Amino acid sequence: TNQLYESIHCGCIPVILSDEYEVAFQHIIDWPRFSIKWPESMVGEELYAFLRSFPPEQLKAMKVEVDSHSCWFDWFSKTPTCSPYLAILLALQERKKHF
């Protein structure tokens with residue numbers, strides 16, 4: 001959803017509350033390094049406790065990862081090695097291998 005990508009652009013560690021949602025660019029991005037995926041059925045006190053349990057060092061590391069991966073979602077990225085256009089091109093090249 002847009003909120004997921006907006007959170008990344010804002011430098012926030014995304015918490016994905018979905019059982020079905022497939023994140024973009026899985027073939028090149030290691031999402032667990034900078035995001036948290038949580039089952040919809042467990043939203044509540046368990047989620048709150050889980051989020052509070054993160055040590056500050058781990059949160060800082062995840063924040064660095066969010067910032068370093070945000071270019072993959074920036075359609076105006078000036079970085080030639082990190083943009084959604086490149087991610088789409090790489091995904092198409094990967095699909096072509098299977099034909």
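**Disulfide and surface charge in the predicted model**

The torsion about the S-S bond of Cys71 and Cys82 is about 80°, so the disulfide is right-handed. The pair links distant parts of the chain, 11 residues apart: Cys71 lies in the loop between helix H3 (56-69) and helix H4 (84-97), and Cys82 is likewise placed in the loop between H3 and H4. In this predicted model, the sulfur atoms of Cys71 and Cys82 are 1.7 Å apart. The pair therefore meets the criterion of cysteine sulfur atoms within 2.5 Å, and by this rule the count comes to one disulfide.

Cys10 takes part in no disulfide, the nearest cysteine sulfur being that of Cys12 at 5.6 Å. For Cys12, in turn, the nearest cysteine sulfur is that of Cys10, 5.6 Å away, and Cys12 is in no disulfide. Because a disulfide requires sulfur atoms within 2.5 Å, the distance of 5.6 Å leaves Cys10 without a partner. Cys10 is exposed, with a relative accessible area of 62%, whereas Cys12 is partly exposed, at 39%.

The surface also carries a patch of negative charge, in which Asp19, Glu20, Glu22 and Glu40 gather.

Notes: Residues numbered from 1 in each chain as written. Predicted model: local features only at pLDDT ≥ 70, side-chain atom pairs only at ≥ 80, totals over all residues. Heavy atoms only, no water. Patch = residues over 30% accessible without salt bridge, like charges linked within 9 Å, V, L, I, M, F, W, Y side chains within 5 Å. Areas by Shrake-Rupley, 256 points an atom, 1.4 Å probe, with all protein chains shown as cover. Salt bridge = Lys/Arg side-chain N within 4 Å of Asp/Glu carboxyl O. Lys, Arg positive; Asp, Glu negative; His and termini not counted. Charge placed at Lys NZ, Arg CZ, Asp CG, Glu CD. Helix = DSSP H or I, 4+ residues; strand = E, 2+ residues; numbered from the N terminus. Buried < 20%, exposed > 50% of the residue type's maximum accessible area, 1.4 Å probe, protein only.
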